[in-house]
Amino acid sequence: MRSTPKTVRLVYALLCAGLVVHGVNGITGPGDWPFPEAITVWLYLLLMVIGSLLGVASVVRRRRERLAWTAITAGLVLWTAGDLVWNVWIAKLSEEPYPSVADFLYVGSYIPIYVGVVLLLRARVRPVRGSQWVDGMIGCLAISALAAAALFPAFTGLTEGNATEVAVNLAYPVCDLLVLSFIVLALGLTRWRLDSSWVLLGIGQATNVVADVIYAYQQAAGTYVSGSWLDTVWPLGVAVTAAAAWQRAPRTTVEELGGRTLPLTAAFAAVALGVLLAGQFMHLHLAAALLAGGALILAGVRGGILFRDNLRLLQTSRRESLTDGLSGLPNRRALMLDLEDAAAAATSHEPRTLALFDLDGFKQYNDAFGHAAGDSLLRRLAGDLAAAVDGHGRAYRLGGDEFCILLDRHADANDPVVEAALLALFEPADPYAVDASYGLVALPDDAPTAAEALRLADHRMYALKHGRRATQGQAREVLLALLGEREPDLHRHMRDVAGLARWV
């Protein structure tokens, strides 16, 4: 609370002093204190109101996570409203109704606190997936089952009365346990990074849970006395929760939790299973059995989600390992798998054809227009090649400027599909046109195995490429000779320019 205004610190100091006075009065009894009712009732209400107003003030000042803390503060305000209604109105009636308006305000205060904790998790833990919420519900149900098995037998009057009374009776311990479970889950999801806001929020809510449990037990045993030390615990919980709202929000979030919550989820499932096993040797409250059973059902659902996620991960990994990242075509690994299958299945009556392509002029195109333009050209040519062989086979990119097609029938150089593939790999870019040299191999006539077919196709493709280069070189020499005879001065000029270039 280093950045907390001095006025707020002063109010907190007065609040702490009031808590000490109220607590001492509850422990020692009224004694010689003047106006004992003013301390046991009105000081209690004043402490609750001040704590709630401090929470409201923090919400007004803060910028980050305002919605989450607004919800949590709304829970404090509802609880304080329930105390005001009880002490100012219902407690003064000759016959106290149950459940009363105050009870519904108390129970209703849990809902915004749940919402606030969830919003804090969404703000600080990203991304939050559906599986993580399943993990959270498993934890909540398991801890609730454990507490119900331990505490509910002591609350003998919880299930007595009409349906509304029983529902309210059960709502208090169940809601308290869920709040505590949410806090524990939040700490686990944030990798147990105990920043001050989570710690204070957890202590504040745990304080209320302890007070509610002791109160329920004393009520069941008939030992509760109004104005005792127990009454100090509720405003203490409100004050600590409000202090949590004044803490600075952490600037970092927990990214990609993934499987880090699985050990915690497994532990919660083991707790739920332990509760059900214990019920075989001792009496188990029905609520505890239902909560534990629900936790185990969700654990089964979580196992199904984990299996589905792992299956998708394996499928994605396999697809990425067999796919070229730039063009989206199958890569060399995919070609070798398909080529081995084709070599095994090819016969004289059902041949296969492998065609290997290497782009000519692509380096000049890439140097002239840049790598981004070169990558764009490769993607475009890959799409055209895949469309050209669609229905007749499959297209591949082996890397760099090498492409390949595997046809499910025999094809020669004049085959329409091969001509369409060559046309697809042609780019009439001025002045650097791009086309392709290729090598054809028939399976099984030319090569019986996949490795031999790929080696032979590579040899034939480079033989064609070198032949084209030799032809182009001869044509260039002939043109230069004709130009020298027709324009001798130009030839001498070119030679002089070359000499100057070497001299420079």
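**View 1. What lines the largest cavity of this predicted model.** Sorted by class, the lining comes to 7 nonpolar, 4 polar and 2 charged residues. The space inside is about 110 Å³. Of the 13 lining residues, Trp79, Ser109, Ile113, Gln205 and Asn208 sit closest to the centre of the cavity. Searching the whole structure turns up 1 cavity of 30 Å³ or more.

**View 2. The helices around the largest cavity.** Two or more lining residues come from each of α3, α4, α6 and α7.

**View 3. The largest nonpolar core.** This core has 39 residues, and the ones touching the most other members are Trp69, Tyr110, Tyr114, Val117, Leu120, Trp198 and Leu201. At least two core residues come from each of α2 (36-61), α3 (66-88), α4 (101-124), α6 (163-189), α7 (196-221) and α8 (230-245). Which helix gives the most to this core? That would be α6, with 9 residues. As a rule for soluble globular proteins, nonpolar side chains tend to be buried together.

**View 4. Zooming in on Leu120.** Set aside the neighbours within four places in sequence, and Leu120 is in contact with Glu65, Ala68, Trp69, Ile72, Trp198 and Leu201. Three of the names in this view, Leu120, Trp69 and Trp198, also turn up among the core members that touch the most others.

**View 5. Another core, apart from the largest one.** This one has 26 residues, including Ala411, Val418, Leu425 and Ala436.

How values were computed. Residues numbered from 1 in each chain as written. Predicted model: local features only at pLDDT ≥ 70, side-chain atom pairs only at ≥ 80, totals over all residues. Heavy atoms only, no water. Core = buried A, V, L, I, M, F, W, Y, C linked by side-chain atoms within 4.5 Å. Buried < 20%, exposed > 50% of the residue type's maximum accessible area, 1.4 Å probe, protein only. Helix = DSSP H or I, 4+ residues; strand = E, 2+ residues; numbered from the N terminus. Contact = heavy atoms within 4.5 Å. 1 Å grid on protein atoms, 1.4 Å probe; cavity = no way out; pocket = protein on both sides within 12 Å on 5 of 7 lines; lining within 4 Å. Points joined across faces, edges and corners; volume = space filled by probe spheres on them. Nonpolar A, V, L, I, M, F, W, Y, C, P; charged D, E, K, R; others polar.
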